[in-house]
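Reader: I am new to reading protein models. Please put this one on the page and take me through it.

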Amino acid sequence: MSLHHGRSLISIPGPSVIPDRVLNAMHRASPNIYEGELHDITLSLFDDLKSVAKTKSDVVIYIANGHGAWEAALKNTLKAGDHVLVLNTGRFAAIWGIMAETHNYQVEVMDFGMAGTVDPSQVSERLAEDTNETIKAVLMVQTDTASSVVNDVPGVRQALDATGHDALLMVDCIAGLACDPYDMDGWGVDVTVAASQKGLMTPAGLAFVYFNEKADAARNRVNPGSYWDWRPRVNPEAYYQRFAGTAPTHHIFALREALNMLVHEEGLAACLERHRRISRAIWQAIDAWGKGSSISHNIQEPELRSYAVSTLKTGPGEATLIRSWCEREAGVTLGIGLGFGEPGTAGWDGHFRIGHMGHFNLPMAMGVLGAIDTAMKAQNIPHGDGALEAATRILAQ
Ligand SMILES: *Cc1c(COP(=O)(O)O)cnc(C)c1O
């Protein structure tokens, strides 16, 4: 007998659960793209997108996934041959760096490991050595979706300021936006990249690049090509230039509804607090499972853990057993052990992730924890007792 009937639940760190309201907003005929409602709705998105990243900087929308946002950020600010410093934790900054190499930028990676965090003092030392200011940009990820670490963005800003280094600070907040606190202007970030399918609860396909005046000045030294150029998108003579072609009509309807829910109904502060509370409940459950077993957090220090995703370590093979059982028997899809090894290796089979970003609430959290707890019992995987009890105690506070 399988318990996998009824509605299934995705608990991977992107794409996340799409609210029914957002799905329904897309269920309509194609609109007139030359005038009317679509134009008004498009224009209404920008202020809300800015408020979510806490910035007055410009933001443009690309029809792309997160990789598109990475490429746009690079193309608008850097010339082939420019030197970039990549601060890697987990996986995602490294992939951004590999992309940068394919565009013939000179890439230097400082790696802080799969369970580490960016150390601003090491960044500071490296920048201080760069007396000719060869490094044109520092690339980092705020929340690394593989390791579930949250990096110290203001600390890296301070490292740049303390050494008087002029490099652009470019931050990927794709995983954490609207889940982990982010403050583009307060933290002095020059370029922020984000995407629609995680905390913003919208299908994959929209990428966002925010850039301040300093980053736009860097745009003067480069030719990004017409598609990625952010200038006509932010200051178009005709509507179609906002997207360098046909607008992503239904994604625009979807994003409008998602931002109504996030910005105008729940409110960003309440949304962040919901993510914090649910995360703490999940962490308590992990702590309880870990008593007398091999289950543990990938990120040991609670203050370095994301409110969007949690990465767990298990005994050999256990993570894959738990994940497959949850999918097959309970209709709950958990995240793979990304970045810890190829499929079939000990690293892959010994890590999994719980995505708790975006449209995620108490019954979803308890359903996912309950499915994992049941998977461990069903397969005789050693684990401590009382995980669900520990989680509800936090949720009840
Ligand atoms: C999901 C994610 C990406 C990649 O986004 P795609 O839409 O798959 O290109 C990049 N960075 C981070 C931190 C992410 O979580």
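Author: Start with a definition: helices (H or I, at least four residues) and strands (E, at least two) are DSSP runs, numbered from the N terminus. This is a predicted model: local features need pLDDT of at least 70, side-chain atom pairs count only at pLDDT 80 or more, and totals for chains, interfaces and linings use all residues. Residues are numbered from 1 along each chain as its sequence is written, and side-chain values use heavy atoms, with hydrogens and water left out.

Reader: Where does Ala396 lie, and is it buried or exposed?

Author: Ala396 lies in the segment after helix 15 (387-395). Buried means under 20% relative accessible area, exposed over 50%, and partly exposed in between (1.4 Å probe, protein chains only). Ala396 has 65% relative accessibility, so it counts as exposed.

Reader: What separates the C-alpha atoms of Ala396 and Glu237?

Author: Along the chain, Ala396 and Glu237 are 159 residues apart.

Reader: What radius of gyration does the protein have?

Author: The radius of gyration is taken over C-alpha atoms, and the globule rule is 2.2 Å times the number of residues to the power 0.38. For 397 residues, a compact globule would be near 21 Å. The protein agrees with that, at 21 Å.

Reader: What share of the residues counts as buried?

Author: The C-alpha trace spans about 60 × 55 × 40 Å along its principal axes. Of the 397 residues of the protein, the buried share is 58%.

Reader: What percentage of contacts joins residues at least 24 apart?

Author: Contact means heavy atoms within 4.5 Å. Take contacts between residues at least 6 apart in sequence. Of these, the share joining residues at least 24 apart is 71%.

Reader: Now the ligand. How many residues surround it?

Author: A residue is near a molecule or strand if one of its heavy atoms lies within 4 Å of it. The closest residues are His67, Thr145, Asp172, Gln197 and Lys198. Helix 3 (residues 66-75) gives the most to the shell, with 3 residues. The residues around the ligand number 13.

Reader: How many residues in that shell are charged?

Author: Ala, Val, Leu, Ile, Met, Phe, Trp, Tyr, Cys and Pro count as nonpolar, Asp, Glu, Lys and Arg as charged, and the others, Gly among them, as polar. The shell has 5 nonpolar and 6 polar residues. The charged ones number 2.

Reader: How much of the ligand's accessible area does the protein cover?

Author: A polar contact is a pair of N or O atoms within 3.5 Å; within protein, one must be able to donate a hydrogen and the other to accept it, and residues adjacent in sequence count only if both atoms are side-chain atoms. Ligand oxygen atoms lie 2.6 Å from a side-chain N or O atom of Lys198, 2.7 Å from one of Gln197 and 3.5 Å from one of Asn65. Accessible areas come from the Shrake-Rupley method with a 1.4 Å probe, and for residues only the protein chains shown count as cover. Of the 380 Å² that the ligand has on its own, the protein covers 89%.

Reader: Which two residues does a cis peptide bond join?

Author: Most residues other than glycine have a negative phi, and most peptide bonds are trans. Pro15 lies in the loop between strand 1 (9-11) and helix 1 (20-25). With omega at about -5 degrees, the cis bond joins Gly14 and Pro15.

Reader: What is the phi of Lys54?

Author: Lys54 sits in the loop between helix 2 (37-53) and strand 2 (58-63). Its relative accessible area is 42%, so Lys54 is partly exposed. Lys54 is not a glycine, yet its phi is positive, near 50 degrees.
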